[in-house]
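Trainee: Please take a close look at one part of this protein for me. I would like the local detail, then the setting around it.

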Amino acid sequence: MTKENLSSYKQVSEKTKFIIISIFPVASFILAFFVSDFNEIINGLYKIIIQPDVLITDYIKVGGLGAALMNSALLTLINIFFLWRLNFHMGGFPISALFIIAGFAFFGKNIFNVWPIYIGGYLYAKQQKKRFRSIIVISMFGTALSPMIFEVARAIGPSNHWGLAFAILAGIVVGFFLPPIASHLLRAHDGYNLYNVGFAAGFIGTVIMSFMKSYGFINEPRMILSTEHDLFLKVFLSMFFILLIVIGYFLNDKSLFKGYTKILNSSGKLVTDFTFLAGFGMTLINMGIMGIIGLAYVFISKGVMNGPIVGGLLTIVGFASFGKHPKNCIPVMLGVFIASIFKVWGTSSTTVIIAALFSTSLCPIAGEYGAIAGIIAGFIHLSVTMNVGVLHGGINLYNNGFSTGIIATLLVPMLDVFKRRNE
């Protein structure tokens, strides 16, 4: 952060930032009791915990809307508490991790299956003689592999306590090695895939699933989706996105656009923290705008809101503090939309819509090489993400991150050929 940046926008205290970021989980916590009673929430959480979590398992369908909201609220608030206790600066990196936790707590992450990954990250920090605060955000992203815990336990025997213990141990081992693997793989795509941990988790999940299948394990694909709460979720998220813009407006000296050109002119390539670049208020406005753009895509595609789509929207909002903005995201989403017209998958299907929402991980390509390159990246992404899931059997929740990592690794050197020639 430069002195010029520090003086050019209104400063916001860390306490205020933590309060603002807590709005969504607190609202989810309260709303859970409006849509379900206490017993329904507890029973729903139990159903969520004992069910397999591989892609795609919509917790709203499994445990009910109240339990899914409560699961998201509790997981997010616990992580906010961790960051607060570790005196974290609430910048783009932790904000994106918190929103991805909140989103995937609607389809794959729950209050039971994430903790082995954190323990592994903590042990890695100890082994490397580092502070856990330097690792915890990677561990938060690393919970992409949480479904692996249930699958490993199921492979050994669902009623075998030793199987559960071994599964938890496997989660700890994965959490231990995930930070160095993710760091290493960042070099492959050079920061042009924002879901770098999803890329790493895809490789880890592929190796683990291949190993399990070699011993006769049968991986069962899932497609459990809810359709009952479409209007409620659209209204709830719309109000939240608008609220982000309103709060951002007041924190940005009562301006919707002061400092926005700094964000819009950035490529979004890792690492680009918009809270440093343009201030916390302007970042909130961008988060709200990106949420509305994502929601507009769902409307245009005639999609029905469910857990995975909520997860995709919240992930876009979180990463709108860490690389995503309208100028670099819309071309990639447009590429997926065009692809859905000409390929075998329906435009309104949940898998295509979440592919479009998560494809924005490739936004640095549009930001660096232009809109046409972004459209091409999105067009390719739909084909790749629909086919790589079979490799890891759905135990990597960031299947789109795996796909975008592959595409960025292949596409960026090809685009560089033409860029160097033009230069």
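Mentor: Start with valine 26, which lies in helix α3. Helices here are DSSP runs of H or I with at least four residues, strands are E runs of at least two, and both are numbered from the N terminus. The model is predicted: local features need pLDDT of at least 70, side-chain atom pairs count only at pLDDT 80 or more, and totals for chains, interfaces and linings use all residues. Residues are numbered from 1 along each chain as its sequence is written, and side-chain values use heavy atoms, with hydrogens and water left out.

Why is valine 26 called partly exposed? Because its relative accessible area is 37%, and the class lies between buried, under 20%, and exposed, over 50% (1.4 Å probe, protein chains only).

Val26 belongs to a nonpolar surface patch with Phe29, Ile30, Phe33, Phe34, Val35, Phe38 and Ile42. Together they have about 750 Å² of accessible area, by the Shrake-Rupley method with a 1.4 Å probe, where for residues only the protein chains shown count as cover. Patch residues have over 30% relative accessible area and no salt bridge, and nonpolar side chains (Val, Leu, Ile, Met, Phe, Trp, Tyr) are joined within 5 Å. A salt bridge puts a side-chain nitrogen of Lys or Arg within 4 Å of a carboxyl oxygen of Asp or Glu.

Two elements give two or more residues each: α3 (23–35) and α4 (38–50). The largest share, 6 residues, comes from α3.

Now the setting. The protein has 22 helices and 0 strands. Buried residues make up 58% of its 423 residues. It exposes about 17300 Å², with 68% supplied by carbon and sulfur atoms.

Definitions and conventions:
Patch = residues over 30% accessible without salt bridge, like charges linked within 9 Å, V, L, I, M, F, W, Y side chains within 5 Å.
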